[in-house]
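Here is a friendly walk through the model shown below. Keep the viewer open while you read.

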There are 2 protein chains.
Amino acid sequence: MAISIAHLGPTGTNAETAALAYQGWLEQKQGKQSLLCPYPTIAQTLYAVAHGETQQAVVPVENSTEGTVAVTLDTLWQLDQLKIQQELVLPISHALLSRGTSLKGIRSVYSHPQALAQCQSWLEQNLSSVHLIPTNSTTEALHEINPDPTSAAIASPRASKLYNVPILVNNINDYPDNCTRFWILGLTPTTVKGSRISLGFSVPANVPGALVKPLEIFAKRGINLSRIESRPTKRSLGEYLFFMDLEVKSEHNPIDEALVELTTHTEVLKVFGSYQVLPLKASDIAKI
Amino acid sequence: MAISIAHLGPTGTNAETAALAYQGWLEQKQGKQSLLCPYPTIAQTLYAVAHGETQQAVVPVENSTEGTVAVTLDTLWQLDQLKIQQELVLPISHALLSRGTSLKGIRSVYSHPQALAQCQSWLEQNLSSVHLIPTNSTTEALHEINPDPTSAAIASPRASKLYNVPILVNNINDYPDNCTRFWILGLTPTTVKGSRISLGFSVPANVPGALVKPLEIFAKRGINLSRIESRPTKRSLGEYLFFMDLEVKSEHNPIDEALVELTTHTEVLKVFGSYQVLPLKASDIAKI
């Protein structure tokens, strides 16, 4: 039976491209069929797995320009039972799409706030006086502009083909190496040894140095912390949860021992999974 | 001459309420007159001070529910010359405003993405099937709904009075203690001894434990780290800047010594300011 995979829709979003890349890998490397299921928000994409509507979900975690996708971390902490099974990194190229024929005629630019933020310097330099209008997805931006030639949308070159809206300017993202990390989540942990472990924890409030001990536990064992994020507990200003990604370099890595020690220096500790990063080829992504 | 203060506009935003609270304090405690200058984005609010258009800016830093305001940290790091002069904390109460007379008739809800996020559980429980539409500010949301009775906006009770749109439901924020920290910035550092110091730094990439040393420097001196945030360098996925807030408890606090030691364990270190938290009274805020 085909594996059902939830993602942020509708068709044409970067999250769908990530889901398609994963779908291709599943078919080529594992011989498994899958079915993509679009959801209107990232939170609903994660709930879909937690509530058993789909078997997996593909969600963005962080972007190289705009940083963490807060709703993913907050929902993961809250839902508790979800496990990270894989990771994939997708290059993100933004294009300016419009039915207008020159930049001079553009009065409004629609896109998802993340995309607007990833192109903000380009927009200031080239369209400094236009009205920037946020939308729920890059695809929704295309629905807003059609067929007005004075408006444009920031979306992917793939969306240009899907919705038949011409590209006015390509590659308008401020940083050329713009890319987004996605996690593939399900209800069961992976059985293969992962190269990365992600976890979240809370520490006692207002204790000087409360974060030093958790960091020392990994540093003294030579375990690299590839990322640390803080998120509010939402109860009170100044109370935080911490999220960490650790690199697991060998079979002899004393990571289990470190995690046991970590429980004695944290209030609540949740391990979200030990997983591999999918080795996607640029040529495979280009075909999507 | 009146002090010019930039803030995110237009009139009716929570940033304007913060600026008004600061304006009231300036007048009552310092006998100084001031003039509020609305700007369309948070980045432009900060540029206004950097470019000498205004003398000060009031910008949000973090919210107790939704966390850091990334654009504030990113712009502060990039502009370099801005100094934090004061801080204030504003309670944020969201209301559902509409010309419609019952929740049943509402089909769309407009608001700033931060406000939509701060009310997401309430929206799921009470308006689960409506279309959520992001806007550039809570005030812009009010312009979108007027006069359609099937649409609503999330904005402040103050905006309800200013724009004459009735409150359908009050206090719809998911967490009752919802509040936002604001910084007041200018080109000169404060001369009074602050109770808080904020700084940002980069560490050598991919060195296990690179963040441990900076944290240890403060922990071993009993200096409490009240907040730590990571932001991407934007160059490459996995490279981060760190932002910290430190509590300065007494005149004898060895903070200067700690900052000197910190320079030897960081690549780039920027101290954004040593400042006091304004003691605002709830009764003063209620009058705004």
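Which side chain makes a polar contact with the side chain of A:T68? In this predicted model, the partner is A:R227, at 2.8 Å.

**Around A:T68**

A:T68 belongs to strand 4 of chain A, which covers residues 67–68. With a relative accessible area of 17%, A:T68 counts as buried, because the cut-off is under 20%. Beyond the neighbours within four places in sequence, A:T68 is in contact with A:V61, A:E62, A:L73, A:Q114, A:R227 and A:E229.

**An enclosed helix**

Let us turn to helix 2 of chain A, residues 42–50. Eight of its nine residues are buried, so the helix is largely enclosed by the rest of the structure. The buried ones are A:I42, A:A43, A:T45, A:L46, A:Y47, A:A48, A:V49 and A:A50. Their cover includes strand 1 (3–8), strand 2 (34–39), strand 3, helix 3 (70–79) and strand 11 of chain A, together with helix 5 (120–126) of chain B. After helix 2 of chain A comes A:G52, with a positive phi near 80 degrees.

**Where the two chains meet**

The contact between the chains draws 48 residues from chain A and 48 residues from chain B. About 3,700 Å² is buried between chain A and chain B, and carbon and sulfur atoms give 55% of that area. Polar links are here too: 14 residue pairs are in polar contact between chain A and chain B, both residues being at pLDDT 80 or more. Several elements of chain A each supply at least two residues to the side that touches chain B, and they are set out here.

| Element of chain A | Residues |
|---|---|
| Strand 3 | 56–63 |
| Strand 8 | 131–134 |
| Strand 11 | 179–186 |
| Helix 8 | 212–219 |
| Strand 13 | 225–232 |
| Strand 14 | 240–247 |

Strand 13 of chain A gives the largest share of this side, seven residues. By residue type, the side of chain A that touches chain B divides into 20 nonpolar, 15 polar and 13 charged.

There are two salt bridges across the interface of chain A and chain B. In one salt bridge, the side chains of A:K234 and B:E66 meet at 3.3 Å, N to O.

**How the copies are related**

Chain A superposes on chain B through a rotation of 180 degrees, with 0.0 Å of shift along the axis and an RMSD of 0.0 Å. The two copies are thus related as by a two-fold rotation axis. Both copies use the same surface, and 100% of the contact residues of chain A recur in chain B.

Terms used:
Residues are numbered from 1 along each chain as its sequence is written. Chains are lettered from A and ligands numbered from 1 in the order in which they are written. This is a predicted model: local features need pLDDT of at least 70, side-chain atom pairs count only at pLDDT 80 or more; totals for chains, interfaces and linings use all residues. Side-chain values use heavy atoms; hydrogens and water are left out. Contact means heavy atoms within 4.5 Å. Buried area is the accessible area (1.4 Å probe) that two parts lose on being put together, summed over both. A salt bridge is a side-chain nitrogen of Lys or Arg within 4 Å of a carboxyl oxygen of Asp or Glu. A polar contact is a pair of N or O atoms within 3.5 Å; within protein, one must be able to donate a hydrogen and the other to accept it, and residues adjacent in sequence count only if both atoms are side-chain atoms. Helices (H or I, at least four residues) and strands (E, at least two) are DSSP runs, numbered from the N terminus. Ala, Val, Leu, Ile, Met, Phe, Trp, Tyr, Cys and Pro count as nonpolar, Asp, Glu, Lys and Arg as charged, and the others, Gly among them, as polar. Copies are superposed by least squares on the C-alpha atoms of residues with pLDDT of at least 70 in both. Buried means under 20% relative accessible area, exposed over 50%, partly exposed in between (1.4 Å probe, protein chains only).
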